[in-house]
Amino acid sequence: MHIKRILHSELSKRVDWKKVIILLGPRQVGKTTLVEELASQLGHDYLLFTGDEFQTVEFLSNPNLEFLKSFIGKHKVIVIDEAQRIPEIGLTLKLMADHFTGIQLIVTGSSSLELASSANEPLTGRKWEYKIFPISWQELTDWQGLAKALPKLEKLLVFGSYPEIISNTGEEIALLQNLSSSYLYKDLLNFKGIRRPELLHKLLQALAWQVGSEVSYNELSRTVQADKSTVSAYIDLLEKAFIIFKLNPFSRNLRSEISSSRKIFFIDNGMRNSIIGNYAALSNRNDIGQLWGNFLISERQKLLSYNGFYGKTYFWRTTRGQEIDYVEEIDGKIFAFEFKWNPKAKSKFPTSFVETYNPVTTQVIHKDNFWQWLGHYPYTNQ
């Protein structure tokens, strides 16, 4: 099975034999496969190193220029996989980018914990950076067509869309258990800021049960029995490890608008369900609304990211309980969306929001029209 990744053509355009191409994303989403495909099409033999190997870490941690020249030799394409495991990798990449002419560096990282912090400043103006996620709805329909993709919707809501899950029907639970136990914490537990692994697990479970709801750090601190600053720091690390992401509230004009809370979602539905240990079919669940909302927003984030969206995304709620599930803002234009699993469910956008932010485009997304919303980027040439 080979699913063509949307980012492949974009990465190909960025090959200039000067700047470093950096690909970030969770483990097991296909980073290595994608960069090896890219490297193999460049017309040169390539060197592949991985930060999961001790020797690579030893060789590429704080090397000097003369060593690098001998180490790389005449190779023109160098791939460094899981580079976040290599101390001071940013300085190493800067040396190579500055002093090696006519080479293409391609780097992956399964967290931005170390890689972003060590690479950002040294590589200012010297890199192209992209994020890759589990298989997107658009990639799935490009691969199989809509007729075959639509019947898979309920499985996607329960098991998610990691490549291994998509391609191994019937093995989803075992594979998800392996993914979550082997890879979920791998980079986090090697990070110096994590001192209480058991707290990390408790926090993830609490977030999984509250997915799509407003999150109070004070309430979470009581639930997991840790202080608020620790909870905040751990949530930040989970986001940098591409396990969760946050939506902030949209607030501009109304005094009654919520402005200090946030909602937290999981990058992948299957990973969320593995954390709470619930793989039941939709007909036997009472959290379909949470699964539907997490699926739609995580998939929309993929679509926007892959198409270079430079706007902002939010949710909206007032102190009186009026709310809108999801808001996008770009070039001063506002688009509001409500999510309903049942196409017949009634939905009304709050008058106060529509009147305050007029003109605003509104749309209800349900299981009969979601495929259009997730399959087409709407903001080109607006």
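Author: Let's start with a term: a polar contact is a pair of N or O atoms within 3.5 Å; within protein, one must be able to donate a hydrogen and the other to accept it, and residues adjacent in sequence count only if both atoms are side-chain atoms. This is a predicted model, where local features need pLDDT of at least 70 and side-chain atom pairs count only at pLDDT 80 or more, while totals for chains, interfaces and linings use all residues. Residues are numbered from 1 along each chain as its sequence is written, and side-chain values use heavy atoms, with hydrogens and water left out.

Reader: OK, which side chain makes a polar contact with the side chain of serine 161?

Author: That of lysine 302, at 3.3 Å. The serine 161 side chain also reaches the backbone oxygen of isoleucine 135, at 2.8 Å.

Reader: And where is serine 161 found?

Author: Helices (H or I, at least four residues) and strands (E, at least two) are DSSP runs, numbered from the N terminus. Serine 161 sits in the loop between helix 9 (153-159) and helix 10 (163-166).

Reader: Is serine 161 buried or exposed?

Author: Buried means under 20% relative accessible area, exposed over 50%, and partly exposed in between (1.4 Å probe, protein chains only). Serine 161 has a relative accessible area of 5%, so it counts as buried.

Reader: What does serine 161 touch, not counting residues up to four places away in sequence?

Author: Contact means heavy atoms within 4.5 Å. By that test serine 161 touches Pro134, Ile135, Leu156, Ile166, Asp268, Glu299 and Lys302.

Reader: Let's switch to strand 4. How many of its six residues are buried?

Author: First, the general idea: in a regular strand the side chains alternate between the two faces of the sheet. In strand 4 (residues 104-109), six of the six residues are buried, so the strand is largely enclosed by the rest of the structure. Gln104, Ile106 and Thr108 lie on one side, with Leu105, Val107 and Gly109 on the other.

Reader: Which strands are joined to strand 4 by bridges?

Author: Two strands pair if DSSP finds at least two bridges between them. Strand 1 (residues 20-24) runs parallel to strand 4, with four bridges joining them. Strand 3 (residues 77-81) is also parallel to strand 4 and joined to it by four bridges.

Reader: What about the whole chain?

Author: It has 18 helices and 12 strands, and 51% of its 382 residues count as buried.
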